Amino acid sequence: MIYSISGLLRQVAPTYCVVEACGVGYQCSASTHTLSSLPGRGQEVTLLTHLWVKEDGMELFGFSTEQERRCFRMLIGVSGVGPRVALAILSDSAPDRLMLSIAAGDAKALTRAQGVGAKLAQRIILELKDKLARESAATGLDFSGGNAGKVSAFTSKAGEAAAALAVLG
């Protein structure tokens with residue numbers, strides 16, 4: 001697996017960027033959040049990566065933060081969510097807001113992403129809600145961007161309601 005890539009940023013397109021490392025240009029598909037955080041062309045850049053291997057080839061996905069890559073990996077673990085849909089979800093919602101939406105059971109927030117219908121949004125919430133709470137409690141990882149108490153406090157209906165209101169702003 002390729003953990004990360006560092007090099008000169010050669011190109012930025014709406015859905016990917018090209019990073020040149022050791023004379024080789026690597027195309028990295030990325031979310032709009034990652035693409036918007038990149039420096040200017042010709043500047044040094046480092047992206048965390050995920051290599052997707054399929055029958056007809058390989059594709060490299062780039063992320064500006066470990067939190068975003070972790071969310072991507074959780075999303076592609078859900079049945080029916082491929083890397084393109086996962087990127088669409090991450091392009092629509094920052095990782096902290098996404099995790100709060102999942103924890104609060106906010107399917108409407110997930111359906112804003114291209115390619116995500118109501119059934120898929122419910123499946124994502126069903127499969128990731130408990131996993132998110134378990135992983136956050138077991139490892140101490142903060143999926144919430146500083147709102148860890150809100151994410152892991154879903155032991156009561158009042159906790160869920162408070163998180164839902166927090167997601168709504």
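Predicted model: local features only at pLDDT ≥ 70, side-chain atom pairs only at ≥ 80, totals over all residues.
View 1. Helices (H or I, at least four residues) and strands (E, at least two) are DSSP runs, numbered from the N terminus. In that direction the elements follow one another as β-β-β-α-β-β-α-α-α-α-α-α-α. Buried residues, meaning those under 20% relative accessible area, with exposed meaning over 50% and partly exposed in between (1.4 Å probe, protein chains only), make up 43% of the 169 residues in the chain. Taking contact to mean heavy atoms within 4.5 Å, residues 24 or more positions apart account for 53% of the contacts in the chain with a separation of 6 or more.

**View 2. Five strands form a closed barrel in the order β1-β2-β3-β5-β4, with mixed pairing.** Neighbouring strands of this sheet are turned by 55 degrees against each other on average, direction ignored; axes are lines fitted to C-alpha atoms, for helices over the stretch in contact, and angles run from 0 to 180 degrees between N-to-C directions. Two strands pair if DSSP finds at least two bridges between them. Strand β1 (residues 4–12) is paired with strand β4 (residues 44–54) in the antiparallel sense over five bridges, and Gly7 stands opposite Val45 in β4.

**View 3. Strand β5 pairs with β4 in the antiparallel sense and with β3 in parallel.** Seven bridges hold the pairing of β4 with β5, whereas two bridges join β3 to β5. A hairpin connects β4 to β5 through two residues. Strand β5 is mostly covered, since five of its seven residues are buried.

**View 4. Helix α3 (residues 83–92) lies across β3 (24–29), β4 and β5.** The direction of helix α3 runs at about 15 degrees to that of β5.

**View 5. Helices α2 and α4 (residues 95–104) have axes that come within 9 Å and cross at roughly 40 degrees.** This angle makes α2 oblique to α4, where angles under 35 degrees count as roughly parallel, over 145 as roughly antiparallel, 65 to 115 as roughly perpendicular and the rest as oblique. Gln67, Glu68, Cys71 and Leu75 of α2 make the contact with Pro95, Asp96, Leu98 and Met99 of α4. The residues of this contact divide into five nonpolar, one polar and two charged, with Ala, Val, Leu, Ile, Met, Phe, Trp, Tyr, Cys and Pro counted as nonpolar, Asp, Glu, Lys and Arg as charged, and the others, Gly among them, as polar.

**View 6. Salt bridges that share partners join Lys54, Glu59 and Arg84 into one network.** A salt bridge is a side-chain nitrogen of Lys or Arg within 4 Å of a carboxyl oxygen of Asp or Glu, and a search of the whole structure finds six of them. The side chains of Lys54 and Glu59 meet at 3.9 Å, N to O, and the closest N and O atoms of Arg84 and Glu59 are 2.1 Å apart. Because Arg84 lies in helix α3 and Glu59 in strand β5, the latter pair ties together parts that are 25 residues apart in sequence. Glu59 is buried, with a relative accessible area of 16%, while Lys54 is partly exposed at 40% and Arg84 is partly exposed at 47%.

**View 7. Asp92 and Arg112 form a salt bridge between their side chains (3.5 Å, N to O).** The pair links distant parts of the chain, with Asp92 in helix α3 and Arg112 in the loop between α5 (107–111) and α6 (118–139), 20 residues apart. Asp92 is partly exposed, with a relative accessible area of 32%, whereas Arg112 counts as exposed at 53% relative accessibility.

**View 8. Thr34 lies in helix α1 (residues 32–36).** At 0% relative accessibility, this threonine counts as buried. Leaving aside its neighbours within four places in sequence, Thr34 is in contact with Leu47, Gly62, Phe63, Ser64 and Glu68.

Conventions: Residues numbered from 1 in each chain as written. Heavy atoms only, no water.
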